[in-house]
Amino acid sequence: MISSADLPDAIPIFPLPGALLLPRGRLPLHIFEPRYLQMIEDAMKTQTRLIGMIQPYDAPGQAGKLHSIGCAGRLNAFTETDDGRYMITLSGVSRFRVTEEVEGFTPYRRCKVKWSGFERDLGRPEHDADFDRAVFMEALGRFFEDQGLKTDWESLGEAEDELLINSLSMLCPFPPEDKQALLEAPSLSTRRETLMTLIEYSLRGGDDEVMQ
């Protein structure tokens, strides 16, 4: 388990639109670009094996610009395919705030980061005291039917609050800016409220405009 004292001042950054990692969540990734293959190899040599997942902006005129908040994951599963690709899993550790990009000789991007403000990410799983699971699951069922999605409803119904809300936040097909809103939610209850808003918005026939 990583403590706050172990968190480095700079980490490699993987900008991937729509890919959301949350603390204590697990994100499988298929790595094939040479620069990111190098990033994985370099991360494996470090003590913490951290990689920062972050959303790039996709608006006109903002090419290459990153959101200020991402989530770092520890590389805890690694498989190499016969043709040199990597199948990895990141385990979410903590969110971070980018302070500046590091200029250097790596083919991938690196950033200096601050971890302050996200101390609860390193603690125990959160609970949502105001969570009305019956109402939430009813809306979720309609959303999955509308989107043509399938799931193991029995397992979802038995999942702890944080596992349920965070897993759905990571997996549901929302636009990148909405994923960012879920990432930046300051608490589990706020994330659940944001997730419910996105579900209801979609069910009302909302388009892909970014939530304000």
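# Helices, pockets and loops in a predicted model

The structure is a predicted model, in which local features need pLDDT of at least 70 and side-chain atom pairs count only at pLDDT 80 or more, while totals for chains, interfaces and linings use all residues. Residues are numbered from 1 along each chain as its sequence is written, and side-chain values use heavy atoms, with hydrogens and water left out.

**Two helices**

Helices (H or I, at least four residues) and strands (E, at least two) are DSSP runs numbered from the N terminus. The expected span is 1.5 Å times one less than the number of residues.

| Helix | Length | First to last C-alpha | Expected span |
|---|---|---|---|
| Helix 2 | 15 residues | 20 Å | 21 Å |
| Helix 6 | 16 residues | 22 Å | 22 Å |

The span of helix 2, residues 133–147, is thus close to the expected value, and the span of helix 6 is likewise close to its own expected value.

In helix 2, the buried residues (under 20% relative accessible area, with a 1.4 Å probe and protein chains only) are Phe136, Met137, Ala139, Leu140, Phe143 and Phe144. Viewed down the axis of helix 2, these buried residues fall within an arc of 165 degrees (taken from the directions from the axis to the C-beta atoms), so they line one face of the helix. The other side of helix 2 carries Ala134 and Glu145, which are exposed, that is, over 50%. The buried residues of helix 2 pack against helix 3 (153–158), helix 4 and helix 6 (188–203).

Helix 6 contributes its own set of buried residues: Leu188, Arg191, Arg192, Thr194, Leu195, Met196, Leu198, Ile199 and Ser202. After helix 6 comes Gly205, which has a positive phi near 90 degrees.

**Two pockets**

A pocket is an open set of points on a 1 Å grid over the protein atoms alone, where a 1.4 Å probe fits, with protein on both sides within 12 Å along at least five of seven lines; lining residues have an atom within 4 Å of a point. The largest pocket holds about 270 Å³ of space, counted as the space filled by probe spheres set on the points. Its lining consists of 16 residues, and those nearest the centre are Arg24, Gly25, Arg26, Leu163 and Ser167. Strand 2 (26–31) and helix 4 (161–171) each supply at least two residues of this lining, and helix 4 gives the most, with six residues. The lining of the largest pocket comprises seven nonpolar, four polar and five charged residues.

The second largest pocket has a volume of about 200 Å³. Arg24 belongs to the lining of this pocket too, together with Met1, Ile2, Arg74, Ser91, Gly92, Val93, Asp121, Leu122 and Gly123. Strand 5, residues 86–102, provides the largest share of the lining, three residues. By class, the lining of the second largest pocket has four nonpolar, three polar and three charged residues. In this scheme Asp, Glu, Lys and Arg are charged; Ala, Val, Leu, Ile, Met, Phe, Trp, Tyr, Cys and Pro are nonpolar; the others, Gly among them, are polar.

Ser94 is part of strand 5 and is buried, with a relative accessibility of 1%. Apart from neighbours within four places in sequence, Ser94 is in contact (heavy atoms within 4.5 Å) with Pro23, Cys71, Ala72, Trp115, Phe118, Asp121 and Leu122. Of these partners, Asp121 and Leu122 also belong to the lining of the second largest pocket.

Lys179 lies in helix 5, residues 176–184, and is buried at a relative accessible area of 3%. Residues up to four places away in sequence aside, Lys179 touches Gly18, Leu20, Gln55, Ser169, Met170, Leu171, Cys172 and Phe174. Between Lys179 and Asp152 there are 27 residues of sequence separation and 22 Å of space, C-alpha to C-alpha.

**Positive phi in two arginines**

Most residues other than glycine have a negative phi. Arg24, however, has a positive phi near 70 degrees. Arg24 is placed in the loop between strand 1 (10–15) and strand 2 and, at 28% relative accessibility, is partly exposed, the class between the buried and exposed limits.

Arg49 is likewise not a glycine, and its phi is positive, about 55 degrees. The loop that holds Arg49 runs between helix 1 (34–44) and strand 3 (50–54). With 23% relative accessibility, Arg49 counts as partly exposed.
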